[in-house]
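Let's take a look around this protein together.

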Amino acid sequence: MKLAKADDVPRMLVLLITILPLAAQGSRLYSWANRLEETGKEKVTNLQFYFHDTLSGKNPTAVKVAQGTDTEKSPTLFGAVFMVDDALTETADPKSKLVGRAQGLYGSSCKEEVGLIMAMSFCFEDGPYKDSTISMIGKNSVMNPIREMPIVGGTGMFRMARGYAIAHTNWFDPKTGDAIVGYNVTVVH
């Protein structure tokens with residue numbers, strides 16, 4: 001290996017100072033967009049939990065916050081909006097281990113069927129996903145035995161998440177509106 005002569009060092013420094021900024025600009029697409037480092041393969045995670053929606057009793061977890069002028073006349077409660085802070089548990093038993101909370105809102109968005117528009121964050125409080133969330137928004141045709149809704153984002157371990165949630169009603173009380181819904185969620189992150 002041949003060493004550089006002492007008088008070549010300043011020329012090499014000038015060359016490096018000129019070339020390095022140009023090389024760094026190669027990853028910039030526009031002044032407002034930068035290509036980030038690619039981190040390899042994405043992860044796919046499957047989560048299974050139960051959503052406990054309680055409208056009745058002394059301590060409801062879903063409360064009506066708004067409604068349309070004709071909501072009470074509608075067989076589908078069209079126009080009713082509920083704010084939610086529901087428990088997410090490991091099994092359908094309400095006393096089973098709490099894994100998180102579903103926080104957000106849903107509203108009756110269909111005149112002809114019982115259909116909800118749901119905007120929820122599933123906020124995990126246990127296990128490896130503690131303090132991480134996934135966000136779901138979409139139509140929930142609650143009378144269908146199986147419903148699919150999109151996962152559109154997340155935080156923490158689920159940052160940049162996308163995927164889908166499959167919901168099925170495990171138990172429903174038509175008098176109170178209380179329900180336990182099983183969720184099987186597949187997330188790419």
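Start with Leu105, which counts as partly exposed because its relative accessibility is 34%, and partly exposed covers the range between under 20% (buried) and over 50% (exposed). Keep in mind as you look that this is a predicted model. You'll find Leu105 in strand β6, which covers residues 98-108.

Now move to strand β3, residues 44-53. Here 7 of the 10 residues are buried, so the strand is mostly covered, with buried meaning under 20% relative accessible area.

| Partner of β3 | Residues | Bridges | Direction |
|---|---|---|---|
| β11 | residues 179-188 | 10 bridges | antiparallel |
| β5 | residues 81-89 | 3 bridges | antiparallel |

To see how the strands line up, pick out a couple of facing residues. On the β11 side, Thr45 stands opposite Val187. On the β5 side, His52 stands opposite Ala87.

**Rings**

How many aromatic pairs does a search of the whole structure find? It turns up 8. There's also an aromatic cluster to trace: Phe49, Phe51, Phe122, Phe124, Tyr129, Phe158 and Tyr183 form it together.

Technical notes. Residues are numbered from 1 along each chain as its sequence is written. This is a predicted model: local features need pLDDT of at least 70, side-chain atom pairs count only at pLDDT 80 or more; totals for chains, interfaces and linings use all residues. Side-chain values use heavy atoms; hydrogens and water are left out. Rings of Phe, Tyr and Trp (its six-membered ring) pair if their centres lie within 6.5 Å; planes under 30 degrees apart count as stacked, over 60 as edge-to-face and the rest as tilted. Helices (H or I, at least four residues) and strands (E, at least two) are DSSP runs, numbered from the N terminus. Buried means under 20% relative accessible area, exposed over 50%, partly exposed in between (1.4 Å probe, protein chains only). Two strands pair if DSSP finds at least two bridges between them.
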